[in-house]
Amino acid sequence: MAFVITSPCEMEKAAECVDVCPVDCIEEGKDQFYIDPDICINCGACVSVCPVGAIVEDLEMLPADEKFLEKAEEFFKNK
């Protein structure tokens with residue numbers, strides 16, 4: 001997974017990222033959006049339009065953000 005949507009998206013859900021994704025890899029969950037790592041082409045278009053700065057590269061995640069990677073994996077595992 002190249003990008004992870006983190007805490008600023010929780011309950012905010014500003015869908016600009018969905019609108020710019022060229023491969024439709026971002027899906028809405030109950031409390032936030034998630035990026036499907038199997039579809040994402042790592043273009044970064046979502047990062048530049050996120051108004052709350054919630055999208056980060058997995059290699060730049062803070063330890064506190066690890067749970068959001070786990071949430072995304074769980075979200076798509078159950079689809």
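D24 is exposed, with a relative accessible area of 59%. The model is predicted. In it, D24 lies in the loop between α1 and β2 (26–28). Its phi is positive, at about 50 degrees, although D24 is not a glycine. The relative area of D24 is above the 50% cut-off, so the residue counts as exposed.

M11 also has a positive phi without being a glycine. Here the angle is about 65 degrees. M11 sits in the loop between β1 and α1 (16–20). M11 is exposed too, with a relative accessible area of 69%.

## Buried loop residues

Loop residues also occur in the interior. T6 belongs to the loop between β1 and α1. At 3% relative accessibility, T6 is buried. Setting aside neighbours within four places in sequence, T6 is in contact with A54, V56, D65 and F68.

D36 is found in the loop between β3 and α2 (45–49). This aspartate is buried, with a relative accessible area of 9%. The value for D36 is under the 20% cut-off, so the residue counts as buried. D36 touches C25 and F76, not counting residues up to four places away in sequence. D36 and F76 are 40 residues apart along the chain. Their C-alpha atoms are separated by 6.7 Å.

## The nonpolar core

The largest nonpolar core has 15 residues. Those with the most contacts inside this core are F3, I5, C25, I26, I35, C46 and I55. Two elements give two or more residues to the core: β1 (3–5) and β3 (33–35).

What does I26 touch, not counting residues up to four places away in sequence? The list is I5, C17, V18, C21, F33, Y34, I35 and C46. Among these partners, I5, I35 and C46 are also listed with I26 for the most contacts inside the core.

## Fold and overall dimensions

The protein has 3 helices and 4 strands. Along the sequence, these follow the pattern β-α-β-β-α-β-α. Consider contacts between residues at least 6 apart in sequence: 66% of them join residues at least 24 apart. The pair D36 and F76 is one example of a contact across the chain, at 40 residues apart.

How does the radius of gyration agree with that of a compact globule? For 79 residues, such a globule would have a value near 12 Å. The protein has 11 Å, which agrees. Its C-alpha atoms fill a box of roughly 25 × 25 × 25 Å, taken along the principal axes.

## Surface and charge

Buried residues make up 35% of the 79 residues. T6 and D36 are both buried. The accessible surface of the protein comes to about 4,600 Å². Carbon and sulfur atoms account for 50% of that surface.

The protein has 6 positive and 18 negative side chains. The centres of the two sets lie 10 Å apart.

Methods: Residues numbered from 1 in each chain as written. Predicted model: local features only at pLDDT ≥ 70, side-chain atom pairs only at ≥ 80, totals over all residues. Heavy atoms only, no water. Core = buried A, V, L, I, M, F, W, Y, C linked by side-chain atoms within 4.5 Å. Buried < 20%, exposed > 50% of the residue type's maximum accessible area, 1.4 Å probe, protein only. Contact = heavy atoms within 4.5 Å. Rg over C-alpha atoms; globule rule 2.2 N^0.38 Å. Areas by Shrake-Rupley, 256 points an atom, 1.4 Å probe, with all protein chains shown as cover. Lys, Arg positive; Asp, Glu negative; His and termini not counted. Charge placed at Lys NZ, Arg CZ, Asp CG, Glu CD.
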